[in-house]
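Subject: Handing over a structure

Hello,

Here is the structure I promised to pass on, followed by some notes on what turned up in it.

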Amino acid sequence: MANCNELFSHYNRVIRLSEEKRQVLRAVRNRLREKMAKNYSLLRFDEQLEFHSQGSFVMDTIITPKDDDFDLDDGVYFVGSLSPNQRPPVSKFHEAVVLAVGHDEDYAKVTDKDTCVRVAYEKEKFHIDLPIYYANSIYNPNLAHLPDEWVLSNPIEFIDWFEKKVMSGFKSAYLVENRLYTEYQQWLSDIRKKDAQLRRMVRYLKAWGDELRGDMPPGIVMTILAAENYFPHEQDDVSLKHTLENIEKFLKANGCSCPRPTTPKGEDLFASYSNTRKEYFMDRLATFVNSAKQAIASDNQKEACLKWQKHLGSRFPCSLASDKIEGATTYSRSAIIGDSANSA
């Protein structure tokens, strides 16, 4: 078996969002928060405005896409006491966030989407998504979804679920209680230093999806599938191969559905997919599983690497792979008395 673990380590360093880019995202996010907080006072809302980071940036499963258009999700929370029937229309909260964001020469575009307001930055080639919530309790918010009105959603609960899978020691209070800021920063530092294998599995699946684009599932689906079907192993190539096999079995057993593990629990994230889209994903997955099996079975690292690269893209470093047979031994032929080459 050709061991490609070091090639995966190199690939992980390439696709994992760099600390430099993290710092840029944090700085821009904080400036955007400050601007929204300043403008919010002019919008005449009674609710308190709060911000909470969420998604892959917190869980450290964020990747650098092949075209460098990375993103951050930063939840905008209207904290108040009104029931859904008492609140202004969802569209009014979206309009409020758009107005609070305002205009800036650094913005390429501000787009009001169904589930968020997206602020795209032209120079740095990234965007920040601002999902909007109304919360009587920060632990039980409603997402302001334009077509569906108020949808029960809890991004902090999802982070908590994933971090329990990783066994990282995460506390939900890290994201909502200022007194735990120092402890939270230490936790972030620790998880990035450790870089648990499950986080890497999620990155590999997201990078695979990024290569194909189009009808591939979003990052939240890749995260759920990886976490629910993770196979630990000392080598990332072996872990990924078995995790892919487990995902394929899981989807076949569940009729190609992906139940959400947190609020709204049990929601099928493939429910809106057409049969054609489901068939496309299952076909791509089957092809990836087959290549992974061939890669693990190969005793030539270069050959195995090309199997992985077929699905993970040109950033997977086959230029570093050895073209030798794993475990092969070269013997030198000793001179034999009477050989013509040695006869006088």
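A word on naming before the tour: helices (H or I, at least four residues) and strands (E, at least two) are DSSP runs, numbered from the N terminus. What you have is a predicted model, in which local features need pLDDT of at least 70 and side-chain atom pairs count only at pLDDT 80 or more, while totals for chains, interfaces and linings use all residues. Residues are numbered from 1 along each chain as its sequence is written, and side-chain values use heavy atoms, with hydrogens and water left out.

Let me start with the second largest pocket. A pocket, on a 1 Å grid over the protein atoms alone, is an open set of points with protein on both sides within 12 Å along at least five of seven lines; a cavity is a set of points where a 1.4 Å probe fits but cannot get out; lining residues have an atom within 4 Å of a point. Points are joined across faces, edges and corners, and a volume is the space filled by probe spheres set on them. The second largest pocket comes to about 550 Å³. Its lining has 21 residues, and those nearest the centre are Arg 29, Arg 33, Ser 53, Tyr 181 and Tyr 184. Two or more lining residues come from each of α2, β1, α3 (56–59) and α6 (181–194), and α6 gives the most, with 6 residues. By class, the lining holds 9 nonpolar, 5 polar and 7 charged residues (Ala, Val, Leu, Ile, Met, Phe, Trp, Tyr, Cys and Pro count as nonpolar, Asp, Glu, Lys and Arg as charged, and the others, Gly among them, as polar).

There is also 1 cavity of 30 Å³ or more in the whole structure. The largest cavity has a volume of about 40 Å³. Which residues line the largest cavity? They are Met 36, Tyr 40, Leu 43, Leu 49, Phe 51, Val 76, Phe 78, Ala 96, Val 97 and Ala 100. The lining is made up of 10 nonpolar residues, with no polar and no charged ones. Helix α4 provides the largest share of this lining, 3 residues.

That brings us to α4 itself. Its 12 residues (90–101) should span 16 Å at 1.5 Å a residue, and the end C-alpha atoms are 17 Å apart, which agrees (the expected span is 1.5 Å times one less than the number of residues). Val 90, Phe 93, His 94, Ala 96, Val 97, Ala 100 and Val 101 of α4 are buried (under 20% relative accessible area, with exposed over 50% and partly exposed in between, for a 1.4 Å probe and protein chains only). Just after α4, Gly 102 has a positive phi of about 70°.

Last, the cysteines. With a disulfide taken as a pair of cysteine sulfur atoms within 2.5 Å, the count is 1. The partners are Cys 305 and Cys 318, with sulfur atoms 2.2 Å apart. The torsion about their S-S bond is about -105°, so the disulfide is left-handed. Both Cys 305 and Cys 318 are buried. Cys 4 is in no disulfide, as the nearest cysteine sulfur, in Cys 305, is 5.9 Å away.

Happy exploring!
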